[in-house]
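Please look through the structure below, and then follow the questions and answers about it.

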Amino acid sequence: MNITLLGYGKMGQLIEKFALQRGHQIHLVVDEQNRETIGVPDLAGSDVAIDFSRPEAAVANIDLCFEASLPIVVGTTGWYDQLDELKKRCLDGNKTLLYGSNFSIGVNVFFHINKLLAAVMNPYKQYDVQVEEIHHTQKLDAPSGTAITIAEGIIENTDSKTEWINNLIGEREEAIPKAHQLLVESHRIDDVPGTHTVLYSSEVDQIEFKHTAHSRAGFALGAVVAAEWLNGKTGFYQVTEMFNFDGRI
Ligand SMILES: NC(=O)C1=CN([C@@H]2O[C@H](COP(=O)(O)OP(=O)(O)OC[C@H]3O[C@@H](n4cnc5c(N)ncnc54)[C@H](OP(=O)(O)O)[C@@H]3O)[C@@H](O)[C@H]2O)C=CC1
Ligand SMILES: O=C(O)C1=N[C@H](C(=O)O)C[C@H](O)C1
């Protein structure tokens, strides 16, 4: 496939490496420097775009791809408040978008088990649940998109929590969660690629369910595999739909 990279930072450069390894070509690289000069004609000849840019850039990049009828894989996080509008624009216009807060196999397995665990824990009201995420200090959004997906998975499967709230430790005044609120605690530490933990705590014990990314490789390879999976499809997809847990993906 001919790929347009929207964003050429830590993720964009790694995605390029995996894309070339898997026999794809990079048709165009877009970053903050040249974004203003890029229009629909520049995307002609691309088969797919992959966006790992910035929270405030993603929606305009998606609209550009819609205008060009170019399928887009979106890994950028921090724009999900506009998800419903984007989904409508995508489906009304017969366009193609796949998005995901996390493209790694490990985290997608984690998402799946997290929902099952929440359902299992639901009757045991002596346990309170909390989510923690740790990322590098350059991260612009909090909580992480992955932590939001985890929190939504818990809320869907737990009677006692109906919404999440976020504390960014050391950055903002900390809110005290009410009983119905699921606390998502964010920590920013040097070069951490991404660590997510779900904790169920009672007076007598604690269950910790944890995923630790050792590098960004799993995210980047997953984004290229997602672009391959999207090839030939039309419509609006989440990365979770790519996983059927039979070992093929
Ligand atoms: N879904 C997933 O699995 C993962 C998602 N992410 C998300 O991906 C995003 C990018 O992460 P990361 O690579 O670490 O960030 P970086 O800050 O390293 O890179 C961001 C890149 O986006 C470029 N950029 C800025 N504005 C625009 C624009 N308008 N159009 C296109 N490119 C633009 C920057 O350009 P310049 O260098 O010129 O400023 C830079 O090249 C984040 O939102 C992060 O949360 C990260 C890892 C995994
Ligand atoms: O910004 C990052 O680095 C990451 N962002 C994603 C998120 O917000 O969940 C995925 C991963 O954890 C790394």
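Q: In which loop is Glu32 found?
A: This is a predicted model, in which local features need pLDDT of at least 70, side-chain atom pairs count only at pLDDT 80 or more, and totals for chains, interfaces and linings use all residues. Residues are numbered from 1 along each chain as its sequence is written, while chains are lettered from A and ligands numbered from 1 in the order in which they are written. With helices (H or I, at least four residues) and strands (E, at least two) taken as DSSP runs numbered from the N terminus, Glu32 is found in the loop between β2 (25-30) and α2 (40-43).

Q: How many residues surround ligand 1?
A: A residue is near a molecule if its C-beta atom, placed from the backbone, lies within 6 Å of it. Glu32 is among the closest, with Gly7, Gly9, Met11 and Ala57, and the shell's largest share, 3 residues, comes from helix α1 (residues 10-21). The number of residues surrounding ligand 1 is 28.

Q: Why do α5 and α6 count as roughly parallel to each other?
A: Axes are lines fitted to C-alpha atoms, for helices over the stretch in contact, with angles from 0 to 180 degrees between N-to-C directions. Angles under 35 degrees count as roughly parallel, over 145 as roughly antiparallel, 65 to 115 as roughly perpendicular and the rest as oblique. The axes of α5 (residues 105-121) and α6 (residues 145-156) come within 8 Å, and α5 and α6 are therefore roughly parallel, as they cross at roughly 25°.
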